[in-house]
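Here are my notes for a first look at this one. Keep the viewer open and go through the points in order.

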Amino acid sequence: GVPRGAYHYFYFCRPAIEQARWFIRHVPRAKGALPPVLDMEWTPFSPTCTRRPDAATVRAEARVFLTALERHYGQRPLIYTTVDFHRDNQMGRVGPYEFWLRSVAAHPGETFEGQHWTLWQYTGTGLVPGVRGRTDINVCGDAAPARKSATSASIGMPPPAIMMPVWPVARKVAAVPRACSARVSASAVYFLPSAQSVPTVSTRL
């Protein structure tokens, strides 16, 4: 099978602990699962919630969610975030968490100066064999070029990590390449759970 983990898109109109409990209800503990991921970014186009709490509140809510998941799953979650959200909320102050950073204009060393990262989403319009249409593509911190001038065109990281839409059970799936971490020995996927049961992934991406 393919190692997998769950990914949560934070909703600013609900308390963090309520969201953590929802996540725990719908994502079972599983041996070999990847660490959970918390996605925090502004949602100006959301039809139901465009709130922008102050930075201290954002970081406090993030800690509540992350702490609840770490206690339940026994793994420290990762934080996925964007350039503006990270800057506005000083997300590096949340705690000792690994980061999955979205930076499509430049290397994270430029856009997230001083922030260590584990995963880097370097494009949202990539093309991957076997995936219909354009998709997000990611590389891992220990596999990406060290030079800050690297661009999505010059990276050339085989095999890529990919994120593709799946509906309705999962709205996003992100595959992590072998080079990403010693914890991942093969292709792996992250999914965004719905109220339905967690999917079992049986095909290698």
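This is a predicted model: local features need pLDDT of at least 70, side-chain atom pairs count only at pLDDT 80 or more; totals for chains, interfaces and linings use all residues.

1. Start with C49, which is buried at 2% relative accessibility. Buried here means under 20% relative accessible area, exposed means over 50%, and partly exposed is in between (1.4 Å probe, protein chains only). C49 pairs with C13 in a disulfide, the two sulfur atoms being 2.0 Å apart; the cut-off for a disulfide is a pair of cysteine sulfur atoms within 2.5 Å. C13 sits in the loop between β1 (4–9) and α1 (16–26) and C49 in the loop between β2 (37–40) and α2 (55–73), so the link joins distant parts of the chain, 36 residues apart.

2. Residues are numbered from 1 along each chain as its sequence is written, and side-chain values use heavy atoms, with hydrogens and water left out.

3. Now the overall layout. The protein has five helices and nine strands, and from the N terminus they run β-α-β-α-β-α-β-α-β-β-α-β-β-β. Both kinds of element are DSSP runs numbered from the N terminus: helices are H or I with at least four residues, strands E with at least two. Of the 205 residues, 48% are buried. Among contacts with a separation of 6 or more, 56% are between residues 24 or more positions apart; contact means heavy atoms within 4.5 Å.

4. Which residue does the side chain of Q115 join through a polar contact of 3.0 Å? The partner is H86, where a polar contact is a pair of N or O atoms within 3.5 Å; within protein, one must be able to donate a hydrogen and the other to accept it, and residues adjacent in sequence count only if both atoms are side-chain atoms. H86 belongs to helix α3 (residues 83–89), and Q115 to the loop between α4 (108–111) and β5 (119–126). H86 is buried at 13%, and Q115 is buried at 15%. Beyond four places in sequence, H86 is in contact with residues including G92 and F99, and Q115 also touches G92 and F99.

5. Look at the aromatics too: there are twelve aromatic pairs. Rings of Phe, Tyr and Trp (its six-membered ring) pair if their centres lie within 6.5 Å, with planes under 30 degrees apart called stacked, over 60 edge-to-face, and the rest tilted. Y7 and W100 are edge-to-face, 6.0 Å centre to centre with 75 degrees between the planes. Y7 lies in strand β1 and W100 in strand β4 (residues 98–102), so this pair ties together parts 93 residues apart in sequence. Y7 is buried at 1%, and W100 is buried at 1%.

6. One aromatic cluster is made up of F10, F12, F23, W42, F65, Y73 and F85. R52 lies over the face of W42, 4.2 Å from the ring centre. For a charge to sit over a ring, NZ of Lys or CZ of Arg must be within 6 Å of the ring centre and within 35 degrees of the ring normal. R76 lies over the face of Y97, at 5.8 Å.
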